[in-house]
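Thanks, everyone. I'll keep this short. Please have a look at the model on the screen.

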Amino acid sequence: MLNLLRAEILKYSRLKLILFIAFSPVLITLLVVGAMLILKVAGVDFGNIPVGGVGLLEIGGGTFGLAANIIIVGVNGIYLIGLVITGAMVGSNEYGWHTIKMLATREASRPRLMLSKTLFLLTMAVFMAGMAALCWLFMGLLFKAIYDAGDTGNLDGDAIGKGLLYLLFSFGVNFLWSSMAMFLAVRFKSVVVAIIFYFIVNTLDGIVSSLGEAALSGQLGTNFPNWLEPLINVAKFISPFLVNFSLNQLTVTPTNRNFVESVPAVQSILVLLAWIGLYIWAAVAVFRRRDITE
């Protein structure tokens, strides 16, 4: 399995797009830091650093909270899209390269092939999370100089702990969606189809999650039109088992008006793990049964 993983890493490390995605946290950090240093030299006043936290996320305050909000939270959508594209490429490129038949006949176990590709996606997600963490911590220290912040004591430790937890959950979900993209690419042999389906599924998941979250937290009230009430009841029932709902429950503060206290964090973690396992199993099952003739 390790040899197969090494082969995947060697294969995709030669693609410029994959390298661009892998090092995107570094590139984004350089752009942000460069822009802020130019503004600082120009005499721009950045004001005071946030002390009590940033928005409604469990991300902490101070310079490390601010840096996390920029490098981890603010641009996480870019990391997500990058990993989804990577998952789609991993699942479909062998067909485009006309190497799938050679791999399937040379390797004794088709599931091992798919699992090695899954491990590559996991390695990619961990690498990007590591790069994002290093860039975030570097930016947090740099912000101390830019804002001329003194010793903030426990504030920094709290922000670093919350930032690392958010990083874990967010990149775990990014890996989840990339696993879905890999499954779809294996099923349809197309990067484009996989990405289109990802946007459809993620959008629907987000809509139902938001509706169910608002209903469960009492934000929608109780007086609904007769035709709408069944839909809201369905959303209330299924939303705790959806991806976006689970991520929100794990990353927002308890003071968020849509936070649902009745759904424990353990349940949300298990839901995300179940979705990851389902997509990996689906990719293996589809590839195992496929008749490869090209």
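Start at F23. Its relative accessible area is 36%, so F23 counts as partly exposed; that class runs between buried, under 20%, and exposed, over 50%, with a 1.4 Å probe and protein chains only. F23 sits in the loop between α2 and α3. Helices here are DSSP runs of H or I, at least four residues, numbered from the N terminus.

Some ground rules. This is a predicted model: local features need pLDDT of at least 70, side-chain atom pairs count only at pLDDT 80 or more, and totals for chains, interfaces and linings use all residues. Residues are numbered from 1 along each chain as its sequence is written, and side-chain values use heavy atoms, with hydrogens and water left out.

Back to F23. Together with L17, L19, F20, L27, L30 and F127, F23 makes a nonpolar surface patch of about 630 Å². Areas are Shrake-Rupley, 1.4 Å probe. α2 (16-22) and α3 (24-41) each supply at least two patch residues. α2 has the largest share, 3 residues.

Now the inside. The largest nonpolar core has 71 residues. Core members are buried Ala, Val, Leu, Ile, Met, Phe, Trp, Tyr and Cys, joined through side-chain atoms within 4.5 Å. Y79, W136, F143, F171 and W177 have the most contacts inside this core. α8 gives the most to the core, 16 residues.

Last, K189. K189 lies in the loop between α8 (154-188) and α9 (191-216). Phi of K189 is near 60°, positive in a non-glycine residue.

Methods: Patches are made of residues with over 30% relative accessible area and no salt bridge: like charges are joined within 9 Å, nonpolar side chains (Val, Leu, Ile, Met, Phe, Trp, Tyr) within 5 Å. A salt bridge is a side-chain nitrogen of Lys or Arg within 4 Å of a carboxyl oxygen of Asp or Glu.
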